[in-house]
Each structure stands twice: as structure tokens, then as C-alpha cells.
Amino acid sequence: HRVALVRYATEHREGADGTLAYLVLGIGDYQDKRYAAAWDELAAATERATELADYAVYYRALTAAALENHTAAADRLAGFAQRFPTSPLVAGAQRQYLESLSLGGRAREALDLLPASPQTAAEWTLAAQIAERAGEKIRAAQAWQRVYYEFPAASEQAAAKGALASLRAALGPKYPGAPAALRLTRADRLVAAGQYTAARAEYRALSTGLKGLAREQAAVRI
């Protein structure tokens with residue numbers, strides 16, 4: 001099927017059908033990690049794409065990032081939301097834009113563009129990684145703490161735990177302690193997820209490690 005599609009795209013290169021064929025080829029090759037082929041095919045699609053131009057731009061930027069050309073990826077995604085305001089790819093494009101900015105030596109700029117209030121584990125993880133790349137270790141630790149304490153069931157847990165251990169060692173006495181309310185949140189979320197044994201262990205540790213009202217709350221919740 002791919003051979004036939006390549007032939008069709010080549011024969012109809014100047015038309016809309018050929019553009020669509022190149023787009024399909026490029027996305028498929030990107031997903032199959034044939035990045036060099038995807039780069040060329042998506043270039044052909046980007047040249048003439050109209051209705052699906054957002055997909056061509058987005059996947060060519062993803063291909064550039066996969067090839068570790070983060071400058072090219074960031075350049076292609078700059079202003080994506082303004083160019084394609086109704087695209088379903090806007091959120092993903094913005095995340096990749098910030099990621100590529102930070103990996104392309106512009107982490108400080110990416111840090112200034114982060115959303116004020118991340119909502120998900122993935123958003124907090126990105127914020128933490130960009131802060132680290134910008135040399136803001138305390139800010140990075142605080143962002144990783146949000147991942148660790150607020151999203152105990154998230155796939156980013158292992159990364160958060162490892163990053164916090166490294167930052168604790170690097171910062172020493174400057175390491176920011178997590179607020180008591182945030183530490184309680186982790187145990188509360190474990191309860192909500194039905195992980196009662198893990199939650200009890202968290203509450204038990206908090207009942208001896210915290211002070212005042214937070215300590216009493218942990219003790220009661222055991």
C-alpha cells in the first residue's frame with residue numbers, strides 16, 4: 001500500500017490529491033519512526049496544504065523534534081494558535097513549542113511562556129523540565145512536587161520521584177520543603193484511588209513528620 005501511495009503522490013504532486021497523499025505518507029512514516037522520509041514527505045505536503053495545513057506543519061515540527069532539530073521544530077510551531085485558531089492540534093503544538101524552545105537553548109524564554117496554573121501531571125512535568133533546563137532548580141523542585149503529591153497514579157510518578165531525589169541532593173539546605181497541605185493531598189488521592197495500604201503508610205509518616213493541625217489530620221485519617 002505504501003509503494004502505491006508513494007507512486008500516486010509523485011504522479012499528482014502538483015494537485016490537492018497529491019498533497020493529501022504526501023501528508024498521509026508523512027504522518028505514517030513519522031508514526032513508524034522513519035523520520036528522514038517523513039521530513040521530506042511533510043515538506044511536500046506543507047508547500048501546498050490548505051485545509052489540512054495545520055496537520056502538515058504540526059507533524060513536520062514533530063519530525064524535526066524527533067530528529068533533534070529543536071530549533072526547526074520551534075520555528076515551525078511559533079504562532080501556531082494564531083495561524084490555526086480552530087485546529088484541534090493547538091494544545092499539542094504549544095506543548096511541543098515550549099519543549100523545543102527549551103531543548104534548543106531558549107529555556108528561559110520557554111519558562112516565561114508557561115501557563116500560570118498547570119492542570120495536569122503532564123503540564124507540571126513540562127514546567128519542571130523547562131525550569132531545570134533554565135537553571136531554576138527551586139522552581140523545578142516545586143513543580144515536580146506538584147506531580148509527585150497531586151498525581152500519585154500518573155505515569156510521571158517515577159520521573160518525579162527521581163528528579164526530586166536529584167534536586168534534593170543538588171540543593172541541599174536550599175531544597176524547598178513541600179507544604180503540609182500538599183503532602184496530605186498525596187495520601188488523600190491514594191484513598192480516592194482505593195490504594196488504602198499505600199495511603200495508610202503515607203498518613204502514618206505524616207502523623208510523625210508534620211506538626212499542628214496537619215499532624216492531627218494525618219493521625220485521624222489513618
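Let me begin with P88, which, neighbours within four places in sequence left aside, is in contact with D54 and Y55; contact here means heavy atoms within 4.5 Å. Between P88 and D54 lie 34 residues in sequence, and their C-alpha atoms are 9.1 Å apart in space.

The model is a predicted one, in which local features need pLDDT of at least 70, side-chain atom pairs count only at pLDDT 80 or more, and totals for chains, interfaces and linings use all residues. Residues are numbered from 1 along each chain as its sequence is written, and side-chain values use heavy atoms, with hydrogens and water left out.

P88 itself is found in the loop between α6 (80-83) and α7; helices are DSSP runs (H or I, at least four residues), numbered from the N terminus. With a relative accessibility of 64%, P88 counts as exposed (over 50% relative accessible area, 1.4 Å probe, protein chains only).

I turn now to helix α7. Helix α7 (residues 90-103) packs with helix α5 (residues 70-77) at an angle of about 140°, the axes being 8 Å apart. Axes are lines fitted to C-alpha atoms over the stretch in contact, and angles run from 0 to 180 degrees between N-to-C directions. From α5, the residues H70, A73, A74 and L77 meet A93, Q96, Y97, S100, L101 and L103 of α7.

The second pair is α12 (residues 180-192) and α14 (residues 212-221), packed at about 10° with axes 10 Å apart. That angle makes α12 roughly parallel to α14, a description used for angles under 35 degrees. Here A180, L184 and D188 of α12 meet A214, Q217, A218 and R221 of α14.

Technical notes. Helices (H or I, at least four residues) and strands (E, at least two) are DSSP runs, numbered from the N terminus. Angles under 35 degrees count as roughly parallel, over 145 as roughly antiparallel, 65 to 115 as roughly perpendicular and the rest as oblique. Buried means under 20% relative accessible area, exposed over 50%, partly exposed in between (1.4 Å probe, protein chains only).
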